[in-house]
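Subject: Structure handover

Hello,

Here is the structure we spoke about, for you to look through. My notes on it follow below.

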Amino acid sequence: MRKETVRWGVLATGGIASSFTADLLAMRETDSAEVVAVASRTPATAKAFAERFGIPRAYGSWAELAADEDVDVVYVAGPHSAHRAAAGLCLEAGRAVLCEKAFTLNSREAEELVAAARHHDRFLMEAMWMYCNPVVRRLAELVRDGAIGEVRTVQADFGLAGPFAPEHRLRDRALGGGALLDLGVYPVSFAHLLLGEPDRVQADALLSPEGVDLNTGMLLGWDAGATALLSCSLTADTPITAAVTGTKGRIELGRGFFYPDRFVLHRNGAEPEEFTAGVDSRHSLRYEAAEVMRCLRAGEKESPLVPLAGSLAVMRTLDAVRDRVGVRYPADEA
């Protein structure tokens, strides 16, 4: 039986929007996904994107997309600074929303989005594709089932060599620039997946002249005795790996840990075990799209894989890190 078609709108036309749209188009036959509209700040940009992907309608404003009754769910792919306004507009117009990470600029904005989704009784999910990846789901399941005993340490990093010019969006305070929200959200979210919200947050960072973090180290602590050592950088090409160690073993993820196709389990006193799940890591965005469509067809208002409480907790940790290193955005003063 053919699945009920889910009609997508895409808000913004940057690189991640292109990748997500391409994955959606590849899901037309298998998952009954349809991309029916795209919006940008200018009609010309929206039209060019629509022509590139064969999308029937192109809008030069967010409001027009939000008002389109043929759109079931909007994928919000703009910069962090636009998430609160764009996702809120779509929720208020009655659209379901998948919003890119970092979810918002700060936890206050995240709480406002969640409140809007609940007030309008609409689906909302952060686009934390890592949580929807079958390999990561299997890893989390093994950890929950005690395969490595009690978790004691989590390590993860994500760094790019750069350099990024001062005018680049990653160095723009108004756009939520810096390594933390763009890259550090992955290590932080990985630690949250395995341990929940930390009880203590320590951090240090190298700041740019513009006041955003260029190189950040984080030490998170839990009352149960676990710690997480995490880092993100816009100045160094780090390994981009992750590991979780427990009292009975450890699990290691290779480069590109947030879209893996395998991991290795080391149980104390046993030979290493490699786990795979037939994952196409080049097109991992389709797993989060599939989860959104599953939720919509089931009438669910949030995903059990990417719960809103978890997204709020991650934003609180990111706020705490920024507080420790002295990064503030204009939106923090609102």
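A residue is called buried when its relative accessible area is under 20%. S32 is at 2% relative accessibility, so it counts as buried. Please keep in mind that this is a predicted model.

Backbone geometry

S32 is not a glycine, yet its phi is positive, at about 55 degrees. It sits in the loop between α2 (28-31) and β2 (33-39). A12, also not a glycine, has a positive phi of about 100 degrees. The loop that holds A12 runs between β1 (6-11) and α1 (15-26). With a relative accessible area of 15%, A12 is buried, because the cut-off is under 20%.

As for peptide bonds, the one from K101 to A102 is cis, with omega near -5 degrees. A102 belongs to the loop between β5 (96-99) and α6 (107-119). G162 and P163 are also joined by a cis peptide bond, where omega is about -5 degrees. P163 lies in the loop between β7 (151-159) and α9.

Nonpolar core

The largest nonpolar core has 117 residues. Which of them touch the most other members? They are W8, F103, L124, F190, F257 and L318. Helix α9 (residues 179-195) supplies the largest share of this core, 10 residues. In soluble globular proteins, nonpolar side chains tend to be buried together.

Leaving aside residues up to four places away in sequence, L124 touches L91, V97, F103, L113, V114, A117 and L308, and also K301 and E302.

Strand pairing

Strand β13 (residues 262-267) pairs with strand β12 (residues 249-253) in the antiparallel sense, over four bridges. In this pairing E252 stands opposite V264 of β13. β13 also pairs with strand β14 (residues 273-276), again antiparallel and over four bridges. Here R262 has T276 in β14 as its bridge partner. β13 and β14 form a hairpin, with five residues between the two strands. In the turn, G269 has a positive phi of about 80 degrees.

Regards

How values were computed: Residues are numbered from 1 along each chain as its sequence is written. This is a predicted model: local features need pLDDT of at least 70, side-chain atom pairs count only at pLDDT 80 or more; totals for chains, interfaces and linings use all residues. Side-chain values use heavy atoms; hydrogens and water are left out. A nonpolar core is a set of buried Ala, Val, Leu, Ile, Met, Phe, Trp, Tyr and Cys residues joined through side-chain atoms within 4.5 Å. Buried means under 20% relative accessible area, exposed over 50%, partly exposed in between (1.4 Å probe, protein chains only). Contact means heavy atoms within 4.5 Å. Two strands pair if DSSP finds at least two bridges between them.
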